[in-house]
Amino acid sequence: MIQSVTARRFSMNYFCHALNHLDRPYFMAGTAVPDWLSVADRRVRFRPQHLAPFVDSEETVLSEVAAGTLQHLQDDDWFHATRGFFEVTTEIAALFRKGLGQEGDFHYGFLGHVGMEMLLDAVLIERFPGHFDRYYQTLADVDPAAIQNSINQMARVPTDRLAWFIGLFRVEQFLRDYASDDRLFIRLNQVMSRVKLTQLPTQAIGVLQEARLLVRGRIRDLLPAEHYSFPSESRRSA
């Protein structure tokens, strides 16, 4: 079904994947690779068995990119299996259904999933602003061509679009828009356009306001301590 397939291919929680790896630039970049490719080149996909042989490579960049990409896949496995994920995505889908009604051709399951992931990043960004600034500073130090070359050593289908998109991602810094419901609405509609789903009306802005409060209140249910460690309180703005 389109709700489940496209949501998994268009996850949007870049900062969540990266937050605990800011001291390893190419590993951190690797945690974004599946999401970058879902936009830049959807032909290129990975399974853990494709990545594992490269984690111990003597080429540092290749090893770190492989390990970071594998970390992303492992994170997704536990994240999508948590009770918090099921409950919060279901609640956000219900908020969209209530706010938008039944007349439009809206895929509420998709909205619940992708909306939650964007808002999860938003909540982490507001909670750890110093780390968020460091995230973009770290990305500025990596070589997009080296990341693309690493991916092409591992992928069955090569790409010539990843380096270009990493450059665009660094310049546009669209994650900063997640702080505003109005700008987040625009970004969410860009995702809807990319997967060829119906554009959302402005009523969705009010839904995002409610959903933001929900995600903020359920942050530890979404990221349980046994799987995910937050930076220490004393280092929030480090």
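This is a predicted model: local features need pLDDT of at least 70, side-chain atom pairs count only at pLDDT 80 or more; totals for chains, interfaces and linings use all residues.
1. A residue is called buried when its relative accessible area is under 20%, exposed when the value is over 50%, and partly exposed in between, with a 1.4 Å probe and protein chains only. Glutamate 64 is buried because its relative accessible area is 18%. This glutamate lies in helix α5, and, when residues up to four places away in sequence are not counted, glutamate 64 touches Arg24, Tyr26 and Phe27; contact here means heavy atoms within 4.5 Å.

2. Residues are numbered from 1 along each chain as its sequence is written, and side-chain values use heavy atoms, with hydrogens and water left out.

3. On the overall fold, the protein has 13 helices and zero strands, where helices (H or I, at least four residues) and strands (E, at least two) are DSSP runs numbered from the N terminus. The radius of gyration is 17 Å, close to the 18 Å that the globule rule gives for 238 residues, so the protein is as compact as a globular protein of that length. That radius is taken over C-alpha atoms, and the globule rule is 2.2 Å times the number of residues to the power 0.38. Along its principal axes, the C-alpha trace spans about 55 × 45 × 30 Å.

4. Buried residues make up 55% of the 238 residues in the protein. Of the contacts with a separation of 6 or more, 76% are between residues 24 or more positions apart.

5. Leaving aside neighbours within four places in sequence, serine 150 is in contact with Val61, Leu62 and Val65. Serine 150 and alanine 66 are 84 residues apart in sequence, yet their C-alpha atoms are 7.8 Å apart in space.

6. Where is empty space left? Rolling a probe the size of a water molecule over the atoms shows this. On a 1 Å grid over the protein atoms alone, a cavity is a set of points where a 1.4 Å probe fits but cannot get out, whereas a pocket is an open set with protein on both sides within 12 Å along at least five of seven lines; lining residues have an atom within 4 Å of a point. Grid points are joined across faces, edges and corners, and a volume is the space filled by probe spheres set on the points.

7. The count comes to one cavity of 30 Å³ or more, and the largest cavity has a volume of about 50 Å³. Its lining includes Asn13, His17, Asp75 and Trp78, and helix α5 gives the most to this lining, with four residues.

8. The second largest pocket holds about 210 Å³ of space. Of its 13 lining residues, the closest to the centre are Phe165, Phe174, Arg187, Gln190 and Arg194. Helices α10 (162-172) and α11 (181-194) are the elements that give two or more residues to this lining, and α10 supplies the largest share, five residues.
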